[in-house]
Amino acid sequence: MDNNKPVTYHDQVTIQNTLKLREILKTLPPFAKDYFRAIEPVSSAKTRISYAYDIRIFFHFLLSENPSLKNKKMSDLTVDLLDQIQAVDIEEYMEYLKVYDSAEDDRLQTNGERGLKRKMSALRSFYSYYYKREMIQTNPTLLVDMPKLHDKEIVRLDADETASLLDYIENCGSELTGQKKVYYEKTKYRDLAIVTLLLGTGIRVSECVGLDVGDIDFKNGGIRIVRKGGSEMMIYFGEEVEEALLKYLEYRKNITPIAGHENALFYSTQRKRIGIQAVENMVKKYAREVTTTKKITPHKLRSTYGTSLYRETGDIYLVADVLGHKDVNTTKKHYAAMDDARRRSAASVVRLREKVTPPNNG
């Protein structure tokens, strides 16, 4: 890393994740390091950490459930073990993943469709590396069907709910007393700016907390964000986002940040860069006051933005680009229901014959 270049939030997260991955790799069979070294150029540190946890569960399963490995330790396992695994073992592993005891804290863990698919994807990728390099002769993961995902309804705020949410954040102070009112006054402009930004740009919560003050370009009406995978992108915002940001920045002048957090855009009440969990808790807190039937998270605000943008433009490729989807099919899947509604509207738009008004015999 260039010593003359300031360390950004993204750099700090990457360093932390890299160190965390190294610690996890110490708990895996020694040969696993080759795989994680190989996928480094094409994956983020966060992805590799998730894969490392998932692969570790697989080896814990083998050590606890396979009689032939009863007296073995993780450090004893070698790559030729992978060749001893058959398709039926992989099927048993998938069944095991539905409910199992965590090796870390003995708590019961469960996986739904998405959790199963992710863990199987990790295992397939792991096996594929050693198979392609002819370090093993078989790949039983290819003989087992991947878990099927059933589409869930996309939860989003309606237009009136969006307005109600912003109005509530802006005006709910009159309903509060004591410490709650004091806390609200401290965080009002920050919370309104964050929620307005999420609703007005569709950025991810991780991208939001990673923003520095210098990432805002009011002249061109945009913010510079670091996308998943590390690529930089300029996202543009409208007048409502600009107004909320300017009000917050005026209030932010009164905050003396903790050393090392001077550049952060959004601060916690501890005067540090605000974290993902804090934003998630904040959004849920306010959203509960405007809708009791929908569980609103920062990701749902992202879906709300995507829905609004698609309704206004009808351009699925623009929505995919702004949301940072690498594959437009991901976007299409999310907004398929809206496409269907648009197709239905076409039925009433095109007329084959003009309606003839019946003569008035009155």
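Colleague: Why is E207 called buried?

Modeller: In this predicted model, E207 has a relative accessible area of 4%. Buried means under 20%, so E207 is buried.

Colleague: What makes E207 and R227 a salt bridge?

Modeller: Their side chains meet with N and O 2.9 Å apart. The limit for a salt bridge is 4 Å between a side-chain nitrogen of Lys or Arg and a carboxyl oxygen of Asp or Glu, so E207 and R227 form one. E207 is in helix α9, while R227 is in the loop between β4 and β5 (232-236), and the two are 20 residues apart.

Colleague: Is R227 buried or exposed?

Modeller: The relative accessible area of R227 is 6%. That is under 20%, so R227 counts as buried.

Colleague: What makes K294 and E161 a salt bridge?

Modeller: The N to O distance between their side chains is 2.8 Å. Since the limit is 4 Å, the pair is a salt bridge. K294 lies in the loop between α11 and α12 and E161 in helix α7, so the bridge ties together parts that are 133 residues apart in sequence.

Colleague: Why is E161 called buried, and why is K294 called partly exposed?

Modeller: E161 has a relative accessible area of 13%, and buried means under 20%, so E161 is buried. K294 is at 22%.

Colleague: Why does R273 count as buried?

Modeller: R273 has 16% relative accessibility. The cut-off for buried is under 20%, so R273 is buried. R273 is found in the loop between α10 (239-252) and α11 (276-287).

Colleague: What makes the pair R273 and D212 a polar contact?

Modeller: The side chains of R273 and D212 come to 2.6 Å in a polar contact. The distance limit for the N or O atoms is 3.5 Å, and one atom must be able to donate a hydrogen and the other to accept it. Beyond four places in sequence, R273 also touches other residues, including Y9, V209, H261 and Y267.

Colleague: What makes Y100 buried, and where is Y100 found?

Modeller: Y100 has a relative accessible area of 9%. Buried means under 20%, so Y100 is buried. Y100 is in strand β1 (residues 99-101).

Colleague: Which residues is Y100 in contact with, leaving aside its neighbours within four places in sequence?

Modeller: Y100 is in contact with I57, R107, L108, Q109, N111 and K119. Y100 and I57 are 43 residues apart in sequence, and their C-alpha atoms are 9.7 Å apart in space. A contact is judged on heavy atoms within 4.5 Å.

Colleague: Why is L19 called partly exposed?

Modeller: The relative accessible area of L19 is 48%. Exposed means over 50% and buried under 20%, so L19 falls in between and is partly exposed. L19 is found in helix α1 (residues 9-25). Together with V7 and I15, L19 forms a nonpolar patch on the surface, with about 250 Å² of accessible area.

Colleague: Which residues touch the most other members of the largest nonpolar core?

Modeller: They are I203, I223, F266, V279 and L301, in a core of 49 residues. Elements that give two or more residues to this core include α7 (159-171), α8 (178-201) and β4 (222-226). Helix α8 gives the most, with eight residues. A second, separate core of 43 residues includes L21, Y35, I55 and L82.

Colleague: How many helices and strands does the protein have, and how much of the protein counts as buried?

Modeller: The protein has 15 helices and five strands. Of its 362 residues, 40% count as buried.

Notes:
Residues are numbered from 1 along each chain as its sequence is written. This is a predicted model: local features need pLDDT of at least 70, side-chain atom pairs count only at pLDDT 80 or more; totals for chains, interfaces and linings use all residues. Side-chain values use heavy atoms; hydrogens and water are left out. Helices (H or I, at least four residues) and strands (E, at least two) are DSSP runs, numbered from the N terminus. Buried means under 20% relative accessible area, exposed over 50%, partly exposed in between (1.4 Å probe, protein chains only). Patches are made of residues with over 30% relative accessible area and no salt bridge: like charges are joined within 9 Å, nonpolar side chains (Val, Leu, Ile, Met, Phe, Trp, Tyr) within 5 Å. Accessible areas come from the Shrake-Rupley method with a 1.4 Å probe; for residues, only the protein chains shown count as cover. A nonpolar core is a set of buried Ala, Val, Leu, Ile, Met, Phe, Trp, Tyr and Cys residues joined through side-chain atoms within 4.5 Å.
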